Amino acid sequence: MDKEKIKKEIEELRRKIEYHNYRYYVLADPVISDEEYDKLMKRLTELEKKYPEFMSPNSPTQKVGGGLISGFRTLPHSIPMLSLDNTYNEEEIKEFDRRVKKLLNVPEVEYVCELKIDGVSVAIRYEEGKFALALSRGNGIEGDDISENVKKIKSIPLRLFKPLTIEVRGEIFMPVDEFKRYNIQREEEGLQPFANPRNATAGTLRQLDSSIVAKRKLDSFIYYIVEPEKYGLKTQWEALKFLKELGLKVNPLSKLCNNIECVIEYWKEMIQQRTKLGYWADGVVVKVNNFDYYKVLGETAKAPRWAIAFKFPAIKAKTKLLNVEFNVGRTGTITPVAILEPVTLEGTIVKRASLHNFDYIKEKDIKIGDFVYIEKAGGIIPQVISVIKELRTGNEKEVQPPKKCPVCGGPVGKLSEMEVALRCLNPHCPQKLKRHLEIFVSRSAFDISGIGEKLVDKFVDAKIINDIADIFYLTPFDLAQISGVGQKTIANILKQIEKAKKTPLHKVIVGLGIPMVGEKTAKILTEHFKNIDDLANATYEKLTSIDGIGPEVAKSIIDYFQNEKTKEIIKKLKKAGINLESKVVKKGNKLKNLTFVITGTLKKYTREEAKELIEQLGGKVTNSVTSKTDYLIVGEKPGSKLDKARQLGIKILNEEEFEKLINS
Ligand SMILES: NC(=O)c1ccc[n+]([C@@H]2O[C@H](COP(=O)([O-])OP(=O)(O)OC[C@H]3O[C@@H](n4cnc5c(N)ncnc54)[C@H](O)[C@@H]3O)[C@@H](O)[C@H]2O)c1
Ligand SMILES: [Zn+2]
């Protein structure tokens, strides 16, 4: 009976930890603090130790977190790259010391204290002094070959001061200033800022393009030598000195201690200094100094027994949650934001903090009026971490998810069961306009590449563009008003806009941004409806009778076209002369085994449309005329392909003849 309960708790803990691993390592977007995570892990470790019958080799306690990334070559480590056990308090560090002394049967042990740099660990091999390979920690047994990226880090030498063949290990990290700069840049680009510098470092190192790594100023501290006895080294303290002599960057703040009291003192000193370092350290790594002891102490599947991470307490502040506001993002996601009684945290005044999502609020039972603890994830983004329930008066109020979009008053809901976030469901919500315009001008829709993300933002901010159709009403004057756009660019953009008016209907539909209607569905629709009005008037029965259109998509299409703003936008698109007719004919085999080449400009079709038409009828379109070409279709201002076709005696069709062929 009791055992059943324990088993359940173990399973629940494993499920939670795996979820947080996923958020942390894969999404680089953790939702709990390291301290909370470590508490879950500690509880699981305790239970597994007490009830070994529930132990499993797949438990997160048995694995090094992180994993491998696709796109890189994977190679085995020379010896496993492990994690570290950790503790947050003095009692436990003394316990660690007692355990070590008991296992070694000695009265006192020397420790080396090093800062625990909050970055990503790396193994670097040098051959005869020359940089040969860098591997990520991966799953601890195998790592990713990130050599090209690591070579771009300035503090990592490509040549050592001595021509040794050696493997060293250390930490790659992003300094505080660079992290701040990079996050500001990300926000300007409309990307989510990284929650902490470790995530930012990991995100940078997994780039396949090493020139990106060169742009972000990553740095390194090396702290470990594989098989140190080969170089006559007997202690970690000697190893650190040796690494420095090789020209590697070694953290200058390490300390050699004769006993555990000295370690605790160092830890306290570093807690004071931690915010002034210029890089993030989340604790002190305490290592037994004498290498002879390492074999005696050994290691678990996950961590060595001769070292422990003595983590710093989280820097948190207590304050009152005054209210919860709702932010609407570019994709319409609505996120709750805590409005706080202003409080100082790590030297800045915090008035707002992240609450992640409504599930988070529910899970933590956060109420308006509560006293809460806030913490800065990675020293940057404040978040509400926990509620101090003892201080409740009974007047606290539940946080109600909004029933309407706080920006446009539109309906609110989830797009699918799977989603955590609530969204504004109004397709024309002004808050979504920027994102929508990015899709509108993209290659899968109107293909107006002259108007990139930055310009879109400027147009919307300047209120020149208030809905998607406004793109087709841009004047040279509007364009000139936007700073940074020259005459040439203006002419180019106008040309592209003109061309975009001929965009085939399925791409127009993609551009409209009807929820749940992507490229594939848009194509199906153009095969069944003559034009946009035909589609707008389609009944639910008609839509669901089409192969590939499910009830949810049908409902979404109907909702979209019933929206008053949609009607206005369609009117504006018509007035601007946008193609809203489907030129797609029914599929067939009429052109089977025939190869076409197109030259010059056609009047009724874009290249793309003509190509699609031919392909739908079973034909093929290639770029150059060869003896295998069956037809050359000739528009206005044909190129040299026409001469070539004549030489080879290929059949030549003008636009009318081409239409006759497909409609015959
Ligand atoms: N908040 C979350 O949701 C969440 C989720 C997963 C993991 N985490 C955090 O990540 C930790 C697990 O990550 P981990 O396995 O990398 O362990 P870790 O970061 O706690 O410790 C091991 C690592 O410390 C690094 N390190 C830095 N300086 C060092 C030094 N001087 N000497 C030796 N090593 C040094 C090495 O990279 C080593 O791999 C957890 O304890 C938790 O704090 C948090
Ligand atoms: Zn809205």
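This is a predicted model: local features need pLDDT of at least 70, side-chain atom pairs count only at pLDDT 80 or more; totals for chains, interfaces and linings use all residues.
Helix α1 contributes the most to the shell around ligand 1, giving four residues, while helices α16 and α17 pack with their axes 8 Å apart.

**The shell around ligand 1**

- Ligand 1 is surrounded by 24 residues, and the closest of them are Tyr24, Pro30, Asp34, Ser83 and Ser121.
- Two or more residues of this shell come from each of the elements α1 (2-26), α2 (34-50) and β3 (111-117).
- Sorted by class, the shell around ligand 1 holds ten nonpolar, seven polar and seven charged residues.
- Because domain 1 (2-62) and domain 2 (74-87 + 105-259 + 279-310) both give residues to the shell, ligand 1 lies between them.

**The packing of α16 and α17**

- Two packed helices are described by the angle between their axes and by the distance between those axes.
- Helix α16, which covers residues 505-512, packs with helix α17, which covers residues 519-528, at an angle of about 130°, and the two are therefore oblique to each other.
- The crossing of α16 and α17 is right-handed.
- On the α16 side the contact is made by Leu505, His506, Ile509 and Val510, and on the α17 side by Glu519, Ala522, Lys523, Leu525 and Thr526.
- By class, this contact of α16 with α17 has five nonpolar, two polar and two charged residues.

Notes
Residues are numbered from 1 along each chain as its sequence is written. Chains are lettered from A and ligands numbered from 1 in the order in which they are written. Axes are lines fitted to C-alpha atoms, for helices over the stretch in contact, and angles run from 0 to 180 degrees between N-to-C directions. Angles under 35 degrees count as roughly parallel, over 145 as roughly antiparallel, 65 to 115 as roughly perpendicular and the rest as oblique. A crossing is left-handed if the near helix is turned anticlockwise from the far one by less than a right angle, and right-handed if clockwise. Two residues are in contact if their C-beta atoms, placed from the backbone, lie within 7 Å. Ala, Val, Leu, Ile, Met, Phe, Trp, Tyr, Cys and Pro count as nonpolar, Asp, Glu, Lys and Arg as charged, and the others, Gly among them, as polar. A residue is near a molecule or strand if its C-beta atom, placed from the backbone, lies within 6 Å of it. Domain bounds come from an automatic or database domain assignment.
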